[in-house]
Amino acid sequence: MSSPTHPAQPPHYAELCRMRRHVKTIESIGRLLSWDQETYMPHAAAAHRADQAAALSAIEHEQATSKRLGDLIAQCEADKGLTGDPASAEAANIRQMRRDYDLATKLPTDLVSELARVGSQSQEAWKEARQKNDFAMFRPWLEKMFGLTRRKAECLKKPGAELYDALLDEYEPDATGAQIEAVFTPLRPRLSNLVKEIVGRGKRPGDAFLNVPFAPERQHEFGQVVLKAMGFDFSAGRLDVTTHPFCSGMAPGDTRLTTRYRGEKFTDALYGTMHEGGHGLYEQGLPKAERFGQPLADSISLGIHESQSRMWENFVGRSREFWEWALPHAQKFAGGSLDAFKVDDAFRATNLVQPSYIRVEADEATYNLHVMLRFGLERSLISGELPIKDLPGEWNKRFKDFLGVDVPDDRRGCLQDVHWSFGLIGYFPTYTLGNLYAAQFWETIHAEIPGLRDGMRRGDFAPLLAWLREKIHRHGRRYSAADLCAMITGKPLSADPLMRHLEGKLRGVYGL
Ligand code: ZN
């Protein structure tokens with residue numbers, strides 16, 4: 001049995017780690033309940049499950065904000081034996097525990113419950129408004145949610161910082177709107193031009209590969225073969241079926257993935273499974289067995305988490321080398337319907353680029369334009385520069401500018417995403433940050449693993465996973481996302497690697 005702290009640690013640090021472990025254990029029970037709710041729970045259990053979840057989160061919140069926990073953090077901060085070396089594991093743990101504690105205690109309880117209450121009503125209003133394509137119906141709710149979220153940002157904001165930064169910080173610690181803007185601004189015209197060039201070419205690779213009969217049970221078996229090759233440990237995890245795929249790294253030795261099977265679009269399920277598998281590998285690589293409860297056993301940020309899922313989904317899964325290995329397996333499980341296809345068909349069909357209205361259905365190139373649109377808009381909405389009433393017009397104007405197409409209605413425009421309806425503001429940019437980090441890591445991985453592509457042709461992904469474990473997973477929250485990126489790649493985050501990846505691959509696919 002490994003102990004969560006070193007035996008020579010002072011008693012206040014040992015007690016702090018024990019208390020955190022207790023809080024995180026309660027949190028892990030909540031994750032198990034919500035996984036069950038999304039997968040196997042009978043419908044009639046929903047009302048009582050909501051009571052269970054509320055009861056558990058009240059206990060967790062009470063413990064995570066207890067005075068004793070705050071006192072112990074302060075005592076540890078003052079202990080130079082622990083924090084004297086800022087690079088030590090203890091100092092990193094204490095810094096992150098302070099951050100979590102402040103986030104949990106800075107918001108007044110009435111604001112937290114108001115956000116939850118109005119958020120849940122607003123989400124219902126959004127569902128109806130989207131269905132009816134009626135922005136006017138949703139507008140008062142969106143105004144309330146942005147108002148409440150602005151109050152939240154006022155409570156969390158650092159002196160001199162932009163309100164938006166306080167919101168972003170919850171998902172991408174230490175990142176700022178200005179930094180993200182600096183990376184996104186040069187990326188946008190380059191992406192828009194690439195997409196316009198592809199569309200202007202007027203020649204599309206065939207997509208017959210994406211529409212073949214493939215029984216869901218056999219797709220499930222194929223997905224498991226791919227996950228095993230990626231290195232997902234099924235003795236410490238599962239793959240189940242849901243309507244909205246997700247990954248829950250709920251506890252040490254327990255990482256749950258879900259996916260969905262839709263008709264004949266077997267690649268949708270495959271890429272969903274590989275995406276969640278990438279999240280799952282990160283969760284399995286965190287040092288939870290030794291350090292569960294400590295920040296050093298947690299993931300850094302949503303952007304870094306997403307870099308892991310996007311890497312496996314797009315950089316591995318949409319490569320020609322991947323299909324050289326995977327196509328024979330897919331053909332075997334599909335039972336004949338894929339037999340006529342070649343590796344090149346698979347590679348081209350899974351790299352189609354087509355501007356579309358809906359973010360979640362967007363391809364690898366246009367996806368980031370959807371995210372940049374939302375980032376710019378939510379930042380202006382929070383600052384008050386853009387009034388909510390002007391959102392649909394502004395959305396459509398920028399959409400045309402970014403993607404070159406006219407938005408036909410608000411249902412396919414500013415009403416499509418659920419995020420803003422319940423206060424997830426500052427969340428969208430982490431999707432593109434994930435793509436950018438993945439691309440930058442990928443270039444370094446190529447330089448450091450010479451036989452990577454040859455290995456991928458044989459389905460040998462072990463050197464890639466070993467690299468990710470060593471450079472990213474094992475550190476938990478020891479470094480910030482920006483510091484980790486600079487440490488691993490020698491450079492700050494930039495848009496160049498992603499553009500090199502997309503231009504290189506798509507010019508080949510489209511013969512540009
Ligand atoms: Zn993801």
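In this predicted model, the crossing of helices α16 and α17 is right-handed. The two helices pack at about 145 degrees, and their axes run 10 Å apart, with α17 covering residues 391-403. From α16, the residues at the contact are Leu 369, His 370, Met 372, Leu 373, Arg 374, Gly 376, Leu 377, Ser 380 and Leu 381, and they meet Leu 391, Glu 394, Trp 395, Arg 398, Phe 399, Phe 402 and Leu 403 from α17. Sorted by class, that contact has ten nonpolar, three polar and three charged residues.

Now for another helix pair, α3 and α5. Helix α3 takes in residues 67-78 and helix α5 residues 89-106, and they pack at an angle of about 145 degrees with axes 10 Å apart. Here α3 passes α5 in a left-handed crossing. On the α3 side you'll find Lys 67, Leu 69, Gly 70, Ile 73, Ala 74, Cys 76 and Glu 77, which meet Ile 94, Met 97, Arg 98 and Tyr 101 of α5. The tally for this contact is seven nonpolar residues, one polar and three charged.

On to the aromatic rings. How many aromatic pairs does the structure hold? There are 24 of them. Take Trp 312 and Phe 461: their ring centres sit 6.0 Å apart with the planes at 75 degrees, so this pair counts as edge-to-face. Trp 312 belongs to helix α13 (residues 302-316), while Phe 461 is in the loop between α19 (452-457) and α20 (462-471), so the pair ties together parts that are 149 residues apart in sequence. Trp 312 and Phe 461 are both buried.

Tyr 367 and Tyr 431 make another edge-to-face pair, because their ring centres are 6.3 Å apart and their planes stand at 80 degrees. This one also links distant parts of the chain: Tyr 367 is in helix α16 (residues 367-383) and Tyr 431 in helix α18 (residues 429-448), 64 residues apart. Again, Tyr 367 and Tyr 431 are both buried.

Which residues do ring pairs link into a cluster? The members are Phe 209, Phe 214, Phe 222, Phe 266, Trp 312, Phe 322, Trp 323, Trp 325, Phe 333, Phe 341 and Phe 461. So the Trp 312 and Phe 461 pair, edge-to-face as it is, has both its residues in that cluster.

| Charged residue | Ring | Distance from ring centre |
|---|---|---|
| Lys 228 | Phe 234 | 5.6 Å |
| Arg 318 | Tyr 271 | 3.9 Å |

Next, a look at strand β3, which spans residues 254-259 and includes Leu 257. Is Leu 257 buried or exposed? With 0% relative accessibility, Leu 257 counts as buried. Leaving out neighbours within four places in sequence, Leu 257 is in contact with Leu 227, Phe 232, Arg 238, Leu 239, Asp 240, Phe 246, Cys 247, Glu 276, Gly 277 and Gly 280. One of those, Asp 240, is 17 residues away along the chain, and its C-alpha atom is 6.3 Å from that of Leu 257.

Setting aside residues up to four places away in sequence, Arg 256 touches Leu 32, Trp 35, Arg 238, Phe 246, Cys 247, Ser 248 and Met 250. By contrast, the C-alpha atoms of Arg 256 and Pro 86, 170 residues apart along the chain, are separated by 34 Å.

Finally, the backbone. Most residues other than glycine have a negative phi. Asn 133 is not a glycine, yet its phi is positive, at about 55 degrees. Where is Asn 133 found? Its place is the loop between α6 (109-132) and α7 (135-156). Asn 133 is partly exposed, with a relative accessible area of 32%. Asp 174, again not a glycine, has a positive phi of about 75 degrees. Asp 174 is in the loop between α8 (163-171) and α9 (177-201), and with a relative accessible area of 48% it is partly exposed.

Note on methods
Residues numbered from 1 in each chain as written. Predicted model: local features only at pLDDT ≥ 70, side-chain atom pairs only at ≥ 80, totals over all residues. Heavy atoms only, no water. Phe/Tyr/Trp six-rings, centres within 6.5 Å; stacked < 30°, edge-to-face > 60°. Helix = DSSP H or I, 4+ residues; strand = E, 2+ residues; numbered from the N terminus. Buried < 20%, exposed > 50% of the residue type's maximum accessible area, 1.4 Å probe, protein only. Lys NZ or Arg CZ within 6 Å of the ring centre and 35° of its normal. Axes fitted to C-alpha atoms, helices over the stretch in contact; angles between N-to-C directions. Left-handed = near helix turned anticlockwise from the far one by under 90°. Contact = heavy atoms within 4.5 Å. Nonpolar A, V, L, I, M, F, W, Y, C, P; charged D, E, K, R; others polar.
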